[in-house]
Amino acid sequence: MRVNPIRLLFLASVAALATGCQKTVTYAEQKAHERETINEFIENQKIDVITLDEFLKDTITNNFETGPDTTRNEFVLFPETGVYMQIVRRGEGKVLQDGDRRVYNCRFMEHDIANDEVINLNLYENYPDVMTCTRTGDTYSATFVQGKMFSAYGTSVPSGWLVPMPYIRPSFFNGDQSSKVRLIVPHDHGNRNAMQSVFACYYEIVIMSQKWQ
């Protein structure tokens, strides 16, 4: 069969034009989309965003579960990280002190905000996730030792998980004496997949100390 060179040239030109029309999404555009999804989530969940200055006056975030004003659903925005935090329960243990290293049991829900789906869940499992947490001065670091987060992302703890550490007191006891927080975490302070694909996650985390402190 004889091939018409003019037709080949035409088809090649069409293919090149189609390829050129495919728009590459930039990192800035991905971040802008992430910002939009976070704003929509805040609006849909009827979240009252308070400033860090407002929070530091009493370090309270009112919420539907523990109040003290149960009509409000407050999250404090940490402007340097873009993380939003709600403290549901501080816990009845002790705050991590400078030089301390503790082992915490964690139960959590991890929710992909953009796709509106739970991607990881350990709120009702028999065995909690385990992480070690260390404080050096005002710097907190942590490592997953075992559990679903460890299986999904390795030892690396999202830095967003560490934002509540100066304000909570994880207890050896479960229930009302444990610490409970809710977080909105942008990709650059999130899990490994979030960092790579640029999406934000919402977390609900219950934290207990493995030892009496």
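Is Arg135 buried or exposed in this structure? Arg135 counts as buried, because its relative accessibility is 17%, where buried means under 20% relative accessible area, exposed over 50%, and partly exposed in between (1.4 Å probe, protein chains only). The model is predicted, so local features need pLDDT of at least 70 and side-chain atom pairs count only at pLDDT 80 or more, while totals for chains, interfaces and linings use all residues. Residues are numbered from 1 along each chain as its sequence is written, and side-chain values use heavy atoms, with hydrogens and water left out.

The chain holds 5 helices and 9 strands, taken as DSSP runs numbered from the N terminus (helices H or I, at least four residues; strands E, at least two). Read from the N terminus, the order of elements is α-α-β-α-β-β-β-β-β-β-α-β-α-β. Of the 213 residues, 43% count as buried. Among contacts between residues at least 6 apart in sequence, 64% join residues at least 24 apart, a contact being heavy atoms within 4.5 Å.

The interior comes next. In soluble globular proteins, nonpolar side chains tend to be buried together. Here the largest nonpolar core has 34 residues, and Met85, Met131, Trp161 and Met165 have the most contacts inside it. Such a core is a set of buried Ala, Val, Leu, Ile, Met, Phe, Trp, Tyr and Cys residues joined through side-chain atoms within 4.5 Å. At least two residues of this core come from each of β2, β3, β4 (101–112), β6 (129–136), β7, α4, β8 (179–185) and β9 (201–209). The largest share, 4 residues, is supplied by β9. When neighbours within four places in sequence are set aside, Met165 touches Val95, Tyr104, Met131, Cys133, Tyr140 and Ile207.

Charged pairs form the next part of the picture. Side chains of opposite charge can pair when their charged atoms come close. With a salt bridge defined as a side-chain nitrogen of Lys or Arg within 4 Å of a carboxyl oxygen of Asp or Glu, the count comes to 10. One of these joins Asp48 to Arg72, with the closest N and O atoms 3.3 Å apart. This pair links distant parts of the chain: Asp48 belongs to strand β1 (residues 48–50), whereas Arg72, 24 residues apart, is in the loop between α3 (52–58) and β2 (74–78). Both partners are partly exposed, Asp48 at 28% relative accessibility and Arg72 at 31%. Arg72 also forms a salt bridge with Glu74, where the closest N and O atoms are 2.8 Å apart. Glu74 counts as buried, because its relative accessibility is 5%. Returning to Arg135, its salt bridge with Asp138 has its closest N and O atoms 3.5 Å apart; Asp138 is exposed, with a relative accessible area of 71%.

A network of salt bridges links Glu65, Arg89, Lys180, Arg182 and Glu204. Within this group, Arg89 deserves a paragraph of its own. Arg89 lies in strand β3 (residues 83–89) and is buried, with a relative accessible area of 14%. Its side chain reaches the backbone oxygen of Gly175 at 3.3 Å and makes a polar contact of 3.0 Å with the side chain of Ser178. For such a contact, N or O atoms must lie within 3.5 Å; within protein, one must be able to donate a hydrogen and the other to accept it, and residues adjacent in sequence count only if both atoms are side-chain atoms. Leaving aside neighbours within four places in sequence, the contacts of Arg89 include Glu65, Thr66, Asp176, Lys180 and Val206.

Two further sites complete the description. Gly147 sits in the loop between β7 (139–146) and α4 (148–153) and is partly exposed, with a relative accessible area of 24%. The C-alpha atoms of Gly147 and Asn105 are separated by 9.6 Å, although the two residues are 42 residues apart along the chain. Finally, Val118, found in strand β5 (residues 117–121), counts as partly exposed at 47% relative accessibility.
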